[in-house]
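Subject: Structure for you to look at

Hello,

Here is the structure I promised to pass on. Please open it first, then read my notes below.

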Amino acid sequence: GDAMRIAQTDERYHEIIYGSTKNEKLVQILNNLREQMYRYRLEYIKDVSQHVRLIEEHEEIYRCISSRDKDAGARAIKMHIYNQEQSIMNQIQQYKGSSRV
């Protein structure tokens with residue numbers, strides 16, 4: 001479905017960024033974390049209200065990488081992580097409030 005396609009594209013986007021660092025140790029660490037992260041990535045992507053923000057954040061990070069703007073890139077990445085963290089925390093709270101746990 002749509003969420004699965006977005007999740008796969010999202011994963012590929014991150015793989016390209018990791019791979020471009022040419023840092024094998026980092027890539028190895030992130031690959032080990034992939035399974036744990038995937039569950040949360042899927043939960044985040046299921047929240048359709050976040051799709052526009054997700055794409056905008058990815059585009060901003062891409063722009064910063066393309067123009068080699070390290071400071072703006074670091075800010076964009078921190079904001080991207082923070083927004084996802086908040087969204088996932090909200091979803092966990094909602095699950096706790098329901099009987100789905």
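A salt bridge here is a side-chain nitrogen of Lys or Arg within 4 Å of a carboxyl oxygen of Asp or Glu. Arg41 and Glu11 meet that cut-off, because their closest N and O atoms are 3.7 Å apart. Please keep in mind that this is a predicted model.

Salt bridges

The Arg41 pair links two helices. Arg41 belongs to helix H2 and Glu11 to helix H1, so the bridge ties together parts that are 30 residues apart in sequence. Arg41 is buried, at a relative accessible area of 12%. Glu11 is buried too, at 14%.

Glu11 has another partner. Its side chain also meets Arg34 in a salt bridge, at 3.1 Å from N to O. Here again H1 is joined to H2 (residues 24-46), so this pair ties together parts that are 23 residues apart in sequence. Arg34 counts as partly exposed, with 27% relative accessibility.

Both pairs belong to a wider set. Asp10, Glu11, Arg12, Glu15, Arg34 and Arg41 are linked in a network of salt bridges.

What about Arg5: which residue does it bridge to? The partner is Asp2, with the closest N and O atoms 2.5 Å apart. Both sit in helix H1 (residues 2-20), three residues apart, so about one helical turn separates them. Asp2 is partly exposed, at a relative accessible area of 45%.

Over the whole structure, the search finds seven salt bridges.

Helix packing

Now to H3 and H4. Two packed helices are described by the angle between their axes and the distance between the axes. Helix H3 covers residues 51-66, and helix H4 covers residues 70-97. Their axes come within 8 Å and cross at roughly 160°. H3 and H4 are therefore roughly antiparallel to each other. Their crossing is left-handed.

Which residues make the contact? From H3 they are Arg53, Leu54, Glu57, His58, Glu60, Ile61 and Cys64. From H4 they are Ala72, Gly73, Ala76, Ile77, Met79, His80, Asn83 and Gln84. By type, the residues of this contact of H3 with H4 divide into seven nonpolar, five polar and three charged.

Best wishes

Notes
Residues are numbered from 1 along each chain as its sequence is written. This is a predicted model: local features need pLDDT of at least 70, side-chain atom pairs count only at pLDDT 80 or more; totals for chains, interfaces and linings use all residues. Side-chain values use heavy atoms; hydrogens and water are left out. Helices (H or I, at least four residues) and strands (E, at least two) are DSSP runs, numbered from the N terminus. Buried means under 20% relative accessible area, exposed over 50%, partly exposed in between (1.4 Å probe, protein chains only). Axes are lines fitted to C-alpha atoms, for helices over the stretch in contact, and angles run from 0 to 180 degrees between N-to-C directions. Angles under 35 degrees count as roughly parallel, over 145 as roughly antiparallel, 65 to 115 as roughly perpendicular and the rest as oblique. A crossing is left-handed if the near helix is turned anticlockwise from the far one by less than a right angle, and right-handed if clockwise. Contact means heavy atoms within 4.5 Å. Ala, Val, Leu, Ile, Met, Phe, Trp, Tyr, Cys and Pro count as nonpolar, Asp, Glu, Lys and Arg as charged, and the others, Gly among them, as polar.
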